[in-house]
Amino acid sequence: MRSIKDCFLILFVSILVFGMVRICEAGGLRKNFYKQTSCPKAEDLVRSLTRVKAEANPALGAKLLRLQFHDCFVRGCDASILLDRVGTEQAEKDARPNLSVSGYQEINDIKAKIEQACPGVVSCADILALAARDAVSFSSPTPLWDVLTGRRDGNVSLASEVNGNIPGPFSNFTSLKRLFLNKGLNVNDLIALSGAHTVGFAHCGAFSRRLYNFTGNGDTDPSLDATYIESLKAQCPNPADPQTTVEMDPQSSGSFDSSYFNILVQNKGLFQSDAALLTDRASSKTVQQLRKPRAFLDEFGKSMKKMAAIGVITGNAGEIRKQCGKINSQV
C-alpha cells in the first residue's frame, strides 16, 4: 500500500506534468496538429508556398505580422480580419485602423493551393499564423519561433469592433499597457512584440504630427532625436502624402533583429507608441535588455506564442473555411 507521502508526491508530479501539457497546448492548440490529420504535410506546404512569395517580396514578413496582430486583437486569432464585407455591413478590414493593412491576397493564394491538396482541413487562422512566421523566417536557416496549430475559423467580422482594440501609433504607455493586459498579455509582451517594428515601412501620416504640430503650436516632439526629425521631414513634407512611406527601423528595416531597441534608446522610435516604452522605468529597463539579439528573439518568440493563442476557436466550434474571404455558407 502506498504511503500518504507517496500519494502526495504522485499528485504533485501529476499536477506539474499535466499543468505543463496544458500550458504547451494553450487554448487547445498543439504542436504539429496536422500530423494527425489527412493533411500531415500542411505546415511544410505553407512554408514552401510562403517562401516563394517572401523571396519575391521581402516586405511580406512585416505585412503578415501586422495582419496577424490586427486579427488576434479583435475577436481573437480566428482569421476574422480576412472576411470580406457582406452587403452594407462593413467587416474588420474596412475599419480605419485596418485600411493600410495588407497581405490578404498572399494568404488567399496560399489557402487556395492548400485546398487543392487538402480540401477542408487547414484553417485560414492557422495559415495566417504559419505564413507570418515563415515570411519573417525565410532567410533564416530555421523558423524564428514555434507556432502551435489547431485553430478554426470564425464566422463574424465587424468593423465596429476594431476601434478600441488596436493600439494606435499615438498611444501612450498607460493605454498600451491596459490594452495588452485586456488581451492577456503583459508589459514584457508589449515590449517584445513592439520589436516587430524592426521590419517594414510606415505611412507619413502615422507620425507627421511629431514633426510639425506635436502640441498644436507648430512644434516638434521633444522626445524625438533632432537630427532624425530633419531626416524624416526631408522624406515627409507637410502636409503628408498618403502614399509616402519610410522605414520604421532606419538602420535595419530589411532584417528581423534587435536593432529596433538600439534606435529606440537613441530617441529614434518612429511612433509615439514606440517612444512611450521609454516613459516607464521598468519598461525602459526591458528595452535595454532586448538590445541583445538572442534575448530579443527568445522573448519575441514567447510573446508571439501567447498572442497567437488569444481567443482561439478549436475543437468543433467555428469552421474550416473553403475561402478565407467568405464563410462557407456564402461559397
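The residues that line the largest pocket divide into 29 nonpolar, 13 polar and 4 charged. In this classification Ala, Val, Leu, Ile, Met, Phe, Trp, Tyr, Cys and Pro count as nonpolar, Asp, Glu, Lys and Arg as charged, and the others, Gly among them, as polar. The model is a predicted one, in which local features need pLDDT of at least 70 and side-chain atom pairs count only at pLDDT 80 or more, while totals for chains, interfaces and linings use all residues. Residues are numbered from 1 along each chain as its sequence is written, and side-chain values use heavy atoms, with hydrogens and water left out.

The largest pocket has a volume of about 1500 Å³, and 46 residues line it, of which R66, H70, P97, S100 and F271 lie nearest its centre. Two or more lining residues come from each of helix 3 (60–72), helix 6 (173–182), helix 7 (187–194), strand 1 (201–203) and helix 13 (293–307). Helix 3 gives the most to this lining of the largest pocket, with 6 residues. On a 1 Å grid over the protein atoms alone, a pocket is an open set of points with protein on both sides within 12 Å along at least five of seven lines, whereas a cavity is a set of points where a 1.4 Å probe fits but cannot get out; lining residues have an atom within 4 Å of a point. Grid points are joined across faces, edges and corners, and a volume is the space filled by probe spheres set on the points. Helices (H or I, at least four residues) and strands (E, at least two) are DSSP runs, numbered from the N terminus.

The second largest pocket has a volume of about 280 Å³. Its lining consists of 17 residues, and P58, V199, G254, S255 and F256 are those nearest its centre. Helix 3 and helix 5 (124–137) each supply at least two residues of the lining of this second largest pocket. By class, the lining of the second largest pocket has 10 nonpolar, 7 polar and no charged residues.

The structure holds 2 cavities of 30 Å³ or more. About 70 Å³ of space lies in the largest cavity, which is lined by 13 residues, with L148, R151, M304, K305 and A308 nearest its centre. The lining of the largest cavity divides into 9 nonpolar, 1 polar and 3 charged residues. The second largest cavity has a volume of about 40 Å³, and its lining is formed by Q68, D71, C72, C77, A125, L128, A129 and R151. Helix 3 and helix 5 each supply at least two residues of that lining.

Why is helix 7 described as largely enclosed by the rest of the structure? The reason is that 7 of the 8 residues of helix 7 are buried, where buried means under 20% relative accessible area, computed with a 1.4 Å probe on protein chains only. The buried residues are V187, D189, L190, I191, A192, L193 and S194. They pack against helix 6, helix 10 (259–264), helix 12 (281–289) and helix 13, a contact being heavy atoms within 4.5 Å.

In soluble globular proteins, nonpolar side chains tend to be buried together. A nonpolar core is a set of buried Ala, Val, Leu, Ile, Met, Phe, Trp, Tyr and Cys residues joined through side-chain atoms within 4.5 Å. The largest nonpolar core has 73 residues, and those with the most contacts inside it are L67, F73, L82, I107, F300 and M307. The largest share of this core, 10 residues, comes from helix 5. Leaving out residues up to four places away in sequence, I107 touches L64, L67, L82, I127, L128, A131 and C324.

R133 is found in helix 5 and counts as buried at 3% relative accessibility. Beyond its neighbours within four places in sequence, R133 is in contact with E43, R47, P143, L144, W145, D146 and V147. T149 is placed in the loop between helix 5 and helix 6, and at 0% relative accessibility T149 counts as buried.

Conventions:
Buried means under 20% relative accessible area, exposed over 50%, partly exposed in between (1.4 Å probe, protein chains only).
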